Amino acid sequence: MPEPQSKFSVRRCLTFATGLLECLCFAGAVFGWAALVFVLKEDRYFSSLCVNGTGVNGTRTLDCSAQDEQFSLIFTIASFMNNFLTLPNGFLFDRFGTTVTRLYGIFLYTMGTLMVAFSSSALAYLLFPALSFLAVGGILLLMTNMQVGNLFGSRRSTIITLYNGAFDSSSALFLIVKLLHESGVSLRAAFLFLSGCSVIHILRTFFLLPRNLIPYPLPDRYTYGASCGKSVTASAEVAANGEALPAAEETPLTNNAPGKQEKTFRECLLSRFFLWHLLWLSVMQLRHYLFIGTLNPMLQRLTGGQPSLVSQYTNAFAITQLCGVLCAPWNGLIMDRHKGKPRAAGETEQEADLRASVLSLFLTALQCVLFSLCASTPYLPLQYLTFILQVLNRSFLYGGNAAFISVAFPSCHFGKLYGLVMALSAVFSLLQYPCFALVKGPLGGDPLYVNVGLTLLSVFAFIHPVFVYMHCRNLASERAKSKASS
């Protein structure tokens, strides 16, 4: 028998709420790297790389640029793996479904937390695989949660962007680790606790998520999860004529109108939509990664190396990351603002979704340019505004990325296309390390020229919203001509 509607509604709400907490508390922790670096320096990780130097006035100083470079390399590798491995993980998700993908992600995340827990100044190189495992495991938690938006039809983009905002806000987890460390809680104890929380992720996988994927549009009688020790998704419903119907979860992933020919994966990949979207994501992501990876040395330079000021601004940055979950839904509301309103004659739902996405894409590019301008200005108090713009732009960027892919391409290719765009943008983001080396070497620690170059590069992100706008306008013109001729 079908599950009672009230019980199913409660299950949907529990799936949504627990998914939000999972993304908010765990998934994007690696992007709070600046706060964790402060703790690692206190615990003397890579301290052997610091050497005595001579200051401007001939005073003896401690030069830790090699230590900073090592920390930057760890983050560069982790952020690259976070994105690049999303490609095979996307194929894994589309092929094997939710349960297999989540168990794999939980395993990686748990291994990462255990490696950090058992690392030390003598075993500092454990941080290289540990941060990569945390990054890849976290993005898998996000990827498997974004499909929950399919359960809420007209608010689909809002849910997707909300989860991405929660992912951004979870970078504040390392701030909590930093504050606990200052209160006497060891790094090992904090990360062993995080390892233990994996039990919660496993329980949620089996009881509040489907075995396969959540289709869109959602078919009638759709059920998922385990009930009374028995999987609802494995059952079959009996029709009035006595024939067995397949379980609702086994409904084809693309429940589209009969006769509609979906684009192939190759057609999606070679489309201009995909190429301009890749450029849009890549240039802005590079700007963010370089900012996060070099935040600690930047604050060291602007504060003159005062530990109290560095700690104060590091805390401020981490606290602003909590606001990502508040900023991201606004992007979703912008993309969903047309839902429930009558469409123009002949306009498809996808065309209406694309038209609504133009404003989101444009605002995201504008925010990035403003953020980059503030980050390029060597004035310490202005960095508070930089932090606010950074979290606003980052929440719009990743939420908008997932939402645009979900509306511009068939849902059966979502995992593969999302993984591919993240993987290709990861290759582009590798430029952050030569940029960091350029600042530390020939530029003598002054990042002004690199920041100006990245700001100019960010302007290319405006090409994407302009192209989508022109595409929608051309479709509207074609409809008008067709109507006039008929």
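This is a predicted model: local features need pLDDT of at least 70, side-chain atom pairs count only at pLDDT 80 or more; totals for chains, interfaces and linings use all residues.
Figure 1. Leu 359 lies in helix α15, which spans residues 349-376. Leaving aside residues up to four places away in sequence, Leu 359 touches Ile 334 and Arg 337. The view also includes Val 466, which is 107 residues from Leu 359 in sequence, with a C-alpha to C-alpha separation of 9.9 Å.

**Figure 2. Packing of helices α16 and α17.** Helix α16 (residues 383-408) packs against helix α17 (residues 414-429) at an angle of about 140 degrees, and their axes are 10 Å apart. Because angles over 145 degrees count as roughly antiparallel and those from 65 to 115 as roughly perpendicular, the two helices are classed as oblique to each other. The crossing of α16 past α17 is right-handed. On the α16 side, the contact is made by Tyr 398, Asn 401, Ala 402, Ile 405 and Ser 406, and on the α17 side by Phe 414, Leu 417, Tyr 418, Val 421 and Met 422. This contact comprises eight nonpolar and two polar residues, with no charged residues.

**Figure 3. Model confidence in strand β5 and helix α8.** The mean pLDDT of the protein is 83, and 89% of the residues score at least 70. Confidence is lowest in strand β5 (residues 237-238), where the mean is 35, and highest in helix α8 (residues 187-196), at 95. The pLDDT is below 50 over residues 228-259, a stretch that has 48 contacts in the model beyond near neighbours in sequence.

Note on methods: Residues are numbered from 1 along each chain as its sequence is written. Side-chain values use heavy atoms; hydrogens and water are left out. Axes are lines fitted to C-alpha atoms, for helices over the stretch in contact, and angles run from 0 to 180 degrees between N-to-C directions. Helices (H or I, at least four residues) and strands (E, at least two) are DSSP runs, numbered from the N terminus. Angles under 35 degrees count as roughly parallel, over 145 as roughly antiparallel, 65 to 115 as roughly perpendicular and the rest as oblique. A crossing is left-handed if the near helix is turned anticlockwise from the far one by less than a right angle, and right-handed if clockwise. Contact means heavy atoms within 4.5 Å. Ala, Val, Leu, Ile, Met, Phe, Trp, Tyr, Cys and Pro count as nonpolar, Asp, Glu, Lys and Arg as charged, and the others, Gly among them, as polar. pLDDT is the predictor's confidence in each residue, from 0 to 100.
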